[in-house]
Amino acid sequence: MEREKRYKNTILIDSGDDKAIKEAAEHLRNGEVIGFPTETVYGLGCDAGNGDAVRKVFEAKGRPADNPLICHIGDKSQIKDIVSEITPLAQTLIDAFMPGPITIVMKKADSISAQTTAGLDTVGVRMPSHPVANKFLKYCGVPVAAPSANLSGRPSPTGARSVIEDMDGYIYAVIDGGDSEYGLESTVVDCTGKDPVILRPGAVTKADIDSVLKNKNTVMSDALTGGETPKAPGMKYRHYAPYAQVEIIDMPEGTKITGDDAIGTDGKIENSRFTLEDLKKLSDDEAKELVNIASPFILRSRELLSKNPFVRIGLYCGTEIKTVYDKLNDKLLSAHTEFCVYGKTTDVSCASHGLFEGLRFLDVQEVDVILAQGFNGEGLSVAYMNRLSKASGKKEELTPGMPAPARPARTPLPIDAFKDTVTASVLFVDDNNTSLSSCCEVLMRQMIEKNEPYISGDYADTGFELYCESAGLTAMDGLGADPQMDKAVKEISGRGLNNVESRRADPAIYDCNDLILTVRDEQAFAITKAFPEIKDKVFSFSTFAASNGLVMKDSSGRVMSISVPDPTGENYETYLHTAKALKAWLEVLFPYILKYAGASRI
Ligand code: TXA
Ligand code: MG
């Protein structure tokens, strides 16, 4: 089904705006699609009795039509209108776990549209415990059919921002209810047979279900253990996948996992920052355990780097692992690693809470591979590993799924109010500052704007502004740019050099910049010779690439340095070629420049 933008923008509704939530409910009853928060993940809701509205949801998600939607309710009294029979087994689970992160599959009633259940005679019923979901569903009054609010195949959204990222313009509105508490979708339990069958593991675990049932045997669906065709139709598709390749890094056997008693977490997500000081205070045994958990990440990263010096690696790991990396202080490894830290390394509820947003965050950093912490064990680990192995495509051979969607162009989103903003600046230097360095300045500025906004390293609440400027070692002040270069830059970027006036590089300018990049090696050499005290921040393109382990080889395998000759006096084709070459190099170096400055894209 072709995806079609229906609105200029999707309206973002504040969870405190009762009037707007009521209006959204009214729009839903009139056939619109509304994104709403739940304690598991965000949902894309519509009236379950309205086939046209359900079609809109399938269209907005790009979801295959054979995958049914769950019906959400705000009050248990609605269940009888949705299903034809509530068996004693279903009733027990309803009493024990609703409202909460569970979906109970029962025989459907006629009132539910066949589009909702994809033609099945059963329906999944879920009553979220999230207060905003609850209020919204009560205002809706009708059963609300809702899948997770991601584009089909992508990680489910656990924040309103990610819903907007996937759905802007495709749905009417989304209600912002903050971070989802669990971060993984509900446990889906089929209660149409003698024994309950878990079709999708979630925060209500097998042990939780067993604990409320007498003389019943909770079964894990064969599909989850690698067997037959999945009974939950959605389980056969490639899922939760970021654009990067995901690899699971196993937790060493015997590691004590915490937080796996999922429904007991009360949403208390520990986000400890484990520091180098903490590392020093550990006993030998504790330190050894940490190194054991960290070393597979390090070994695999080095292996990846040895195969491809350009590889960019994302780590989804605990705070202690990052500290081990910091302590290791391997410059090359660090330059190629982007972290997304979920909290305490062994805490699977933190890891679950942050997983989908973490995969999305690392995608935005444009890493090629994501190494994600695995968890062995029962309880919540089962649900976490189910999602992670689907994201890693590990079971691809078993379940032929959809191809990963192509990476779409990024739409910059408005910056949320940051507590603080830090800044950094990059200076491009060549000789005369009328051509090469001004070209770099303009192209770099465009790249910076295209990838906005930024945050400061590990601190999601601190904004980051990156600036760039240019200067020349032998430049005269106040000259306009070379008209040929102006034309070439305009041709490749749509922006000219008319705002750049040449100026001579001097210590005051060096002082204002955190990174100084020269086009040619001898220019960097000249600066560090004259001002040895700033040598740590001065690089040529070549030495900056080399310091990040980016080894360039020519066709005969010889290591080459980046050399961009000055096109002055040559024809326009040469200028154009030069501008294109600079752009290509800046694109290669851009992620490393961000990393050097301490900025991350969000
Ligand atoms: O936590 C959740 O369940 C979230 C929030 C929004 O409530 N919803 C969600 O929906 O994850 P969705 O559509 O992304 O996943 C529902 C899963 C799919 O794998 C689907 O195939 C399965 O539940 N399912 C739905 N109805 C079913 C039925 N009648 N029989 C078997 N499986 C069903
Ligand atoms: Mg889903």
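Two strands pair if DSSP finds at least two bridges between them. Helices (H or I, at least four residues) and strands (E, at least two) are DSSP runs, numbered from the N terminus. This is a predicted model: local features need pLDDT of at least 70, side-chain atom pairs count only at pLDDT 80 or more, and totals for chains, interfaces and linings use all residues. Residues are numbered from 1 along each chain as its sequence is written, chains are lettered from A and ligands numbered from 1 in the order in which they are written, and side-chain values use heavy atoms, with hydrogens and water left out.

**View 1. An open sheet of 11 strands.** The order is β1-β8-β2-β3-β7-β4-β6-β5-β9-β10-β11, and the pairing is mixed. β1 (11-14) and β11 (219-220) are the edge strands, each pairing on one side only.

**View 2. Strand β2 and its two partners.** β2 (residues 34-36) runs parallel to β8 (residues 173-176), joined by two bridges. Which residue of β8 is the bridge partner of G35? That partner is V174. In β3, the bridge partner of G35 is L44. β2 and β3 pair in the antiparallel sense, over three bridges. A hairpin of six residues joins β2 to β3.

**View 3. Strand β3, mostly covered.** Buried means under 20% relative accessible area, exposed over 50%, and partly exposed in between (1.4 Å probe, protein chains only). In β3 (residues 43-47), five of the five residues are buried. β3 also pairs with β7 (residues 144-146), in the antiparallel sense over two bridges. Here D47 stands opposite V144 of β7.

View 4. A salt bridge is a side-chain nitrogen of Lys or Arg within 4 Å of a carboxyl oxygen of Asp or Glu. Side chains of opposite charge can pair when their charged atoms come close. The count by this rule is 28 salt bridges. One of them joins R312 to E338, with the closest N and O atoms 3.8 Å apart. R312 sits in the loop between α9 and β13 (313-317), E338 in strand β14 (residues 337-341), and 26 residues separate them.

View 5. K490 and D486 meet through their side chains at 3.6 Å, N to O. Both lie in helix α15 (residues 483-493), four residues apart, about one turn of the helix. K490 is partly exposed, at 41% relative accessibility. D486 is buried, at 17%.

View 6. The side chains of D536 and K535 meet in a salt bridge at 3.8 Å, N to O. D536 is exposed, with 61% relative accessibility. Elsewhere, salt bridges that share partners join E165, D166 and R360 into one network.

**View 7. Buried I209 in helix α7.** I209 belongs to helix α7 (residues 206-212). At 0% relative accessibility, I209 is buried. From I209 to P532, the C-alpha to C-alpha separation is 68 Å in space and 323 residues in sequence.

**View 8. A negative surface patch.** Its members are D284, D285, E286 and E289. Patches are made of residues with over 30% relative accessible area and no salt bridge; like charges are joined within 9 Å, and nonpolar side chains (Val, Leu, Ile, Met, Phe, Trp, Tyr) within 5 Å. Asp and Glu count as negative. E289 lies in helix α9 (residues 284-307). At 35% relative accessible area, E289 is partly exposed.

Technical notes:
Accessible areas come from the Shrake-Rupley method with a 1.4 Å probe; for residues, only the protein chains shown count as cover. The place of a charge is taken as NZ of Lys, CZ of Arg, CG of Asp or CD of Glu.
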